[in-house]
Amino acid sequence: MTKQQANWSPYDNNGGSCVAIAGADYCVIAADTRMSTGYNILTRDYSKICKLADKCVMASSGFQADVRALQKQLAARHLIYQHQHNKQMSCPAMAQLLSNTLYYKRFFPYYSFNVLGGLDNEGKGCVFTYDAVGSYEKVGYSSQGSGSTLIMPFLDNQLKSPSPLLLPAQDAVTPLVEAEAIDLVKTVFASASERDIYTGDKLELVVVNAAGIRREYMELRKD
Amino acid sequence: MFRNQYDTDVTTWSPAGRLFQVEYAMEAVKQGSAAIGLRSKTHVVLGCVNKANSELSSHQKKIFKVDDHIGVAIAGLTADGRVLSRYMRNECINYSFTYESPLPVGRLVVQLADKAQVCTQRSWKRPYGVGLLVAGLDESGAHLYYNCPSGNYFEYQAFAIGSRSQAAKTYLERRFENFTDSSRDDLVKDAIMAIRETLQGETLKSSICTIAVVGVGEPFHALDQGTVQQIIDTFESAEEQEDPATEPDAATGQEAAAEQGTAADQGGSTDEGAAPMDI
């Protein structure tokens, strides 16, 4: 008598890649806009990026239904925070909230691989990277999603961040200027689209800096 | 209203069919500092008088943002008001989470009224001692509701609650027919004028009142002190001018203000002194 197996899965992987890079006074968060299932494309125009607070943006790849539920949950919690504290949540605060929200569903996780980017209270760029159950770390750059295995080594080569375990504590932010970081992100996605079938169509790039949040798009390979 | 043997519990009827505890709760609303509300077709304005316990303390917050499209002004036990605002905020957040659209104002006031009613029918509870003026915008237009401790609610074109609110009500009654088509700025001016009525002679300054607006394309927010003071200054300077023929520096509201010549003694003009307001 073999153990009964489930004949369906509550999860699906919609593919796609996300990247975030922190600078001295800016943060770049980017994701492709392709949504797939299996070997098919569902749409070429789906945004994986969500603005959570004034200076805090999240990009998530994985199962987009879970991603959407997670985004709504965080937005509602942010509204409550604003009512109680009369101000927006800072990026580090949102980072902790996201971690707690993910761990809350430790035994039926959000199938969502997140990178959180924005400015901290001093206006310096910060990036937080997560696994599906909320383990997180503040880093200078990160990538998640189907193309992350192709993207991460390239970012390591270009941006090598000091380990957060080193003493004395070293700044994680990249010395690159905003325009250089944007260029790097575009290059990285163009390369990932070549070999990862789930990454392509269009790149959505969000830049957070003292002036606010702005959005850019770039065409990627459609195959 | 005198003390009697039927007023100890909220669950005791009087022979005349009254619930005295509920009526006493409504008295608490009358003791709080004034709050007023008025609406046009596209905007709703709330105003309140900021009462501080002493010169050393800050004033109590009486106007709360409930959601982008709903705000509330309270009079009475402000602690009860704070708790009810938290409830309203929660309801709005949950509704828009589930339905991805803003909670219609009419629904919210019914929920609030039902919540108040529960407290009139439990021996271990007491009625909320706060009156709420709920201002909101939804698909069916701009709305102003008054929720009272009894669990009743009514929709109004304009209303005032709290101490000395009768003066404001008289002012509003005289002008409410024009409110539907008023512009946003005129509505704000009328709100400030109505607040002034409740001050009965005290100088009107932006530090003792708060004005909040919600309207089409304008999420609920309180006007900052500088803006309010500017508006106060415009119609005060119009009153100082004896001659209404001199150029008006802002909208027609001012000439009406000059004619009103209300009880407040601003500037030197004694000719404008009109009949004192009814209490």
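Reader: How much area is buried between chain A and chain B, and what share of this area do carbon and sulfur atoms give?

Author: The area buried between chain A and chain B is about 730 Å², and carbon and sulfur atoms give 60% of that area. Buried area is the accessible area (1.4 Å probe) that two parts lose on being put together, summed over both. A:Lys72, A:Leu79 and A:His83 supply 64% of the area that chain A buries against chain B, more than any other three residues. This is a predicted model, in which local features need pLDDT of at least 70 and side-chain atom pairs count only at pLDDT 80 or more, while totals for chains, interfaces and linings use all residues. Residues are numbered from 1 along each chain as its sequence is written, chains are lettered from A and ligands numbered from 1 in the order in which they are written, and side-chain values use heavy atoms, with hydrogens and water left out.

Reader: How many residues does the contact take from chain A and from chain B?

Author: Seven residues come from chain A and six residues from chain B, where contact means heavy atoms within 4.5 Å.

Reader: What makes A:Arg68 and B:Glu100 a salt bridge?

Author: A salt bridge requires a side-chain nitrogen of Lys or Arg within 4 Å of a carboxyl oxygen of Asp or Glu. The closest N and O atoms of A:Arg68 and B:Glu100 are 3.2 Å apart, so the pair qualifies as a salt bridge. Between chain A and chain B the count is two salt bridges.

Reader: Is B:Cys48 buried or exposed?

Author: Buried means under 20% relative accessible area, exposed over 50%, and partly exposed in between (1.4 Å probe, protein chains only). B:Cys48 has 1% relative accessibility and so counts as buried. B:Cys148, at 8% relative accessibility, also counts as buried. Of the 279 residues of chain B, 51% count as buried.

Reader: Why is B:Ala35 called buried?

Author: B:Ala35 has a relative accessible area of 0%, and therefore B:Ala35 is buried. Leaving aside its neighbours within four places in sequence, B:Ala35 is in contact with residues including B:Cys48, B:Leu133 and B:Phe159.
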